[in-house]
Every structure is written in C-alpha cells, then in structure tokens.
Amino acid sequence: MKLIAGCAERLPARYRGIAGMKSFAASVFLVIASTAHAGENPMWPTSLAWTCTFSSVIRCERSVDCLTAAEEGELNLDYRQNSLADRKGTVHPIKRHYVQTVAGSPIGSEVKIELDTNEVIWLSPADGTGGGSDNWIGAMLAPKTGVITQELRPLICKPIK
C-alpha cells in the first residue's frame with residue numbers, strides 16, 4: 001500500500017484520486033474473488049483440516065501387472081496452509097483444487113486436488129450428498145517413473161474439528 005500511496009503522491013493532483021480509487025477497487029475485487037472462491041469447496045463448511053487414512057495401495061508395473069498390498073498410512077490435508085502432509089511428514093503444496101458437479105448425478109460434488117508432485121486426489125462425500133455424514137471418500141493417484149508406473153491409495157477422510 002505504501003508503494004501505491006508513494007506513487008499517487010508523485011502524480012499530478014488531478015490523478016491522485018484515480019490512483020487511490022484504483023488501489024481501493026483492486027483491494028475490493030481481491031476480497032470479493034477470495035470470498036467467492038472460498039464458498040465453492042463443499043468440504044470447507046465442515047472443516048479446513050482433514051485426516052485421510054488408507055489401508056492398502058495398488059501398484060501397477062510397466063508390464064501392466066497391478067498388485068494390491070496392505071499398507072496403512074495417514075495424510076493430513078490443510079486448506080488453511082494450502083498443503084498436504086504425506087505419511088512421512090513431508091509437506092507438499094497444493095498446486096490447485098476445484099469442485100466438479102455433474103448434473104443429474106447422485107453425488108453432490110466431487111473435489112479434485114492436484115499437488116506439486118503431480119499426485120491427484122479425488123474425493124466425494126461418503127453419503128453422496130454430504131448431508132448425513134462429514135466423511136469423504138476417494139483415492140490418491142500417484143504417477144511414478146521406473147518399474148512402478150502408478151500407485152493408487154483408497155482414502156477415507158475425516159474432518160479435524
């Protein structure tokens with residue numbers, strides 16, 4: 001703000017009001033955009049922090065063979081920090097997330113989260129509409145390089161209140 005105010009002072013008097021109004025308008029639009037975006041994710045009214053657990057992993061190899069292995073773990077999704085902590089405690093920024101709603105579908109909304117590692121999480125309400133349960137279920141898909149080409153973890157996510 002100081003930079004903008006400093007620039008406005010150097011402008012001729014007739015433009016100072018416009019510079020001030022532009023600064024104010026930019027601030028207002030930023031708040032409106034943030035508020036509109038915040039209302040879009042159906043997980044947020046319940047909680048901004050979630051614990052997601054998994055009890056198995058499906059690993060697919062180059063030879064197209066896929067095997068299921070028992071493997072337990074926990075992920076912590078934190079929308080406040082725009083990040084996900086994996087089972088090793090490593091924090092990964094969320095690259096982007098969005099909500100998808102399909103007309104006529106019994107599922108109210110589906111949330112897709114893309115991490116900076118190119119891993120993708122798809123979640124939908126456990127009861128379809130999100131009215132009877134706070135839990136969300138889905139999967140985390142992790143593309144790999146080498147012999148293992150994909151890993152898929154079925155997730156059960158619960159809000160941290």
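Analyst: Happy to! One term before we begin: helices (H or I, at least four residues) and strands (E, at least two) are DSSP runs, numbered from the N terminus. With that in hand, the pattern along the sequence reads α-α-β-β-β-β-β-β-β-β. Please keep in mind that this is a predicted model.

User: Got it. How many helices and strands is that in the protein?

Analyst: The protein has two helices and eight strands.

User: And what do the eight strands make?

Analyst: They form a closed barrel that runs 1-2-3-4-5-6-7-8, and the pairing is antiparallel. On average, neighbouring strands of this sheet are turned by 30° against each other, if direction is ignored.

User: How many bridges join strand 1 to strand 8?

Analyst: Eight bridges join those two strands, which run antiparallel. As an example to look for, W50 stands opposite P159 in strand 8.

User: Nice. What about strand 7 and strand 8?

Analyst: They also pair in the antiparallel sense, over eight bridges. M140 stands opposite R153 in strand 8, and P143 has Q150 of strand 8 as its bridge partner. Strand 7 and strand 8 form a hairpin, with four residues between them. In that turn, G146 has a positive phi of about 110°.

User: And how many bridges join strand 6 to strand 7?

Analyst: There are six, and the two strands run antiparallel.

User: How many join strand 2 to strand 3?

Analyst: Three bridges link strand 2 to strand 3, which covers residues 83-85, and they run antiparallel. There, N76 has A85 in strand 3 as its bridge partner.

User: Switching topic: how many disulfides does a search of the whole structure find?

Analyst: It finds two disulfides. One joins C52 to C157, with an S to S distance of 2.0 Å. C52 lies in strand 1 and C157 in strand 8, so this pair ties together parts that are 105 residues apart in sequence.

User: Are C52 and C157 buried or exposed?

Analyst: C52 is buried, and C157 is buried too.

User: Why is that disulfide called right-handed?

Analyst: The torsion about the S-S bond of C52 and C157 is about 110°, so the disulfide is right-handed.

User: And which residue does C60 join?

Analyst: C60 is joined to C66 by a disulfide, again listed at 2.0 Å from S to S. With 110° about its S-S bond, the link of C60 and C66 is right-handed.

User: Is C60 buried or exposed, and why?

Analyst: C60 counts as buried because its relative accessible area is 18%, and buried means under 20%.

User: So where does C66 fall: buried, partly exposed or exposed?

Analyst: C66 is partly exposed, because its relative accessible area is 44%. The cut-offs put partly exposed between the buried limit of 20% and the exposed limit of 50%.

User: What pattern do the disulfides follow?

Analyst: Counting the bonded cysteines along the chain, the pattern is 1-4, 2-3.

User: Let's go inside. How many residues are in the largest nonpolar core?

Analyst: That core has 19 residues, and those with the most contacts inside it are M43, L77, Y79, I113, L123 and L155. Several elements give two or more residues to this core: strand 1 (49-61), strand 2 (66-78), strand 5 (110-115), strand 6 (120-125), strand 7 (136-143) and strand 8 (148-159).

User: Which residues does M43 touch?

Analyst: Not counting residues up to four places away in sequence, M43 touches W50, L77, Y79, V111, L123 and W136.

User: Last thing: what about the protein as a whole?

Analyst: Of its 161 residues, 31% are buried. The protein exposes about 10100 Å², and carbon and sulfur atoms supply 60% of that. Among contacts between residues at least 6 apart in sequence, 38% join residues at least 24 apart.

User: Thanks, that helps a lot!

Note on methods:
Residues are numbered from 1 along each chain as its sequence is written. This is a predicted model: local features need pLDDT of at least 70, side-chain atom pairs count only at pLDDT 80 or more; totals for chains, interfaces and linings use all residues. Side-chain values use heavy atoms; hydrogens and water are left out. A nonpolar core is a set of buried Ala, Val, Leu, Ile, Met, Phe, Trp, Tyr and Cys residues joined through side-chain atoms within 4.5 Å. Buried means under 20% relative accessible area, exposed over 50%, partly exposed in between (1.4 Å probe, protein chains only). Contact means heavy atoms within 4.5 Å. Accessible areas come from the Shrake-Rupley method with a 1.4 Å probe; for residues, only the protein chains shown count as cover. Two strands pair if DSSP finds at least two bridges between them. Axes are lines fitted to C-alpha atoms, for helices over the stretch in contact, and angles run from 0 to 180 degrees between N-to-C directions. A disulfide is a pair of cysteine sulfur atoms within 2.5 Å.
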